[in-house]
Amino acid sequence: MTTGGHFEQEDLALYAMHGSTPAEAALVRAHLAECPACQAEFEKISSDLAMVAMSVEQHPLPEGARQRFIDRLADLPAPAAPVEVVPIRSEPPKRSAAIFIPWSIAAVMALVAVLLGLANNSVQHELAKDNYLIAQFAADSQHAQKVLDVLTAPEAQHVVLTAGKAAPVPTARAVYLASRGGLILEASNMGPLPADKTYELWVIPSNGAPSIPAGTFRPDASGNASLVLPDLPVGVQAKAFGVTIERAEGSPTPTLPIIMAGVAPTS
Amino acid sequence: MAGVGPSTVPSADDDLLLDRVRAGDQQAMAQIFDRYSRMVYSVALRVLADPGHAEDVLQDVFFKVWREPHAFLKGRGPMGAWLAVVARNRAIDALRRRKPSDSVDDVVLVSKTNLAAESQHKSMIEMVRKVMKALPQDQQASMELAYFEGLSHSEIAARTGDPLGTVKTRIRSALITLRKALEA
């Protein structure tokens, strides 16, 4: 799916069109969060596609559609309280200075009322904004949980698409976020292992430090396996990732040979 | 709301209208509806080919703007383009009988063209129509299935009987052609 550590244009387009599978979408989303170049390209593709949408032949609305919208709109609560500023009408000046006293008091009170109204509106605006953010966080959390559910579900179908009749080869795709110590690995076409063996993933740090074990995994009957958020230290920049075959309980150091490897793109 | 005439012409005061919607101004909401409802309905109708269902999407999109005006943030591109994308995504969800994805947060659009200018807007739309019609038939068909029917690459390959790589190449070529035309 990637070239030089970046997603292909057509894959970003598929994501923009909501045509990716949840697992693919999770990979793209994670990559976009870390890759300004792909994010910029994604925004360009989205804009190009928006123009395609806007270029469709225009049709008039069904009769009464506008009125139906207006009628239903009137029944809905407002998203935020409208600001209502009451104009203060001034009266002609009177001869006696004493006459200004009540008007002055009224003007000051009106000014205070307006300021309070504005302050109230500001608070309501902030509240609405906070509510929106809370809803967004909840939606994001729910979305993340769905992604994890899909990636880790035993009954999930993993399908690898290859060009033509090329024989499937073992492949693995890792998404790694060093700043959070987060890693997701999806592997496919992995060969079966004896009961006393397991595959183990390694993070190879860019500073030359020893390889860090990133979890063990065994493929299912179809050769698919995944690792989701293994326990990893935070902030380790990776130079590469490797997979070895180890004893069933895993190993603190990799046992050669490294059967699969991938170099992390430099940012 | 009297005196608010329907219009499809985008305007630079969309941000001001949205600010008024945030403050609960129904007349501003009606103005946004008048400005973009025809475009939103047409996008939905293009996908769903059913006036009733397309109107459902139309109402749904604009109620979302009313209920969650903060979902459209400044800096996310022209409002008309944003509404077109949201309408298309909602219509695809309806077509595929999916739960509405509601992921408007990843709709971020960039435009070098001043879509608020009527002349530029019209000429840009016309140009995109010509480019799409001039695409080779196989590219047109792939884009049609991907964008207006919401099929994935593998679903298009299964539908057309073409290899997956060919489908991807056609979509990539169509996008490149469109990009070149838009940047020209």
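Over the ring of which residue does the charged end of B:Arg46 sit? In this predicted model, in which local features need pLDDT of at least 70, side-chain atom pairs count only at pLDDT 80 or more and totals for chains, interfaces and linings use all residues, the ring is that of B:Phe148, with the charged end 4.2 Å from its centre. A charge is taken to sit over a ring if NZ of Lys or CZ of Arg is within 6 Å of the ring centre and within 35 degrees of the ring normal. The charged end of B:Arg88 is likewise placed over a ring, that of B:Tyr147, at 4.6 Å from the centre. Residues are numbered from 1 along each chain as its sequence is written, chains are lettered from A and ligands numbered from 1 in the order in which they are written, and side-chain values use heavy atoms, with hydrogens and water left out.

Aromatic pairs were assigned to rings of Phe, Tyr and Trp (its six-membered ring) with centres within 6.5 Å; planes under 30 degrees apart count as stacked, over 60 as edge-to-face and the rest as tilted. The count over all chains is 8 aromatic pairs. A:Phe69 and B:Phe33 form a stacked pair, 4.4 Å centre to centre with 10° between the planes. This pair crosses between chains, from helix 4 (residues 65-75) of chain A to helix 2 (residues 26-48) of chain B; helices are DSSP runs (H or I, at least four residues), numbered from the N terminus. A:Phe69 also pairs edge-to-face with B:Phe62, at 6.1 Å centre to centre and 70° between the planes. Since B:Phe62 belongs to helix 3 (residues 51-67) of chain B and A:Phe69 to helix 4 of chain A, this pair too joins two chains. One aromatic cluster is formed by A:Phe69, B:Phe33, B:Phe62 and B:Phe63.

In helix 1 (residues 14-22) of chain B, the buried residues are B:Asp14, B:Leu17, B:Leu18, B:Val21 and B:Arg22. They lie on the same side of the helix because they cover an arc of only 145° around the axis, the arc being that of the directions from the helix axis to the C-beta atoms. B:Gly24, with a positive phi near 90°, follows this helix.

A:Cys35 is buried at 7% relative accessibility, and A:Cys38 is buried at 3%.

Terms used. Buried < 20%, exposed > 50% of the residue type's maximum accessible area, 1.4 Å probe, protein only.
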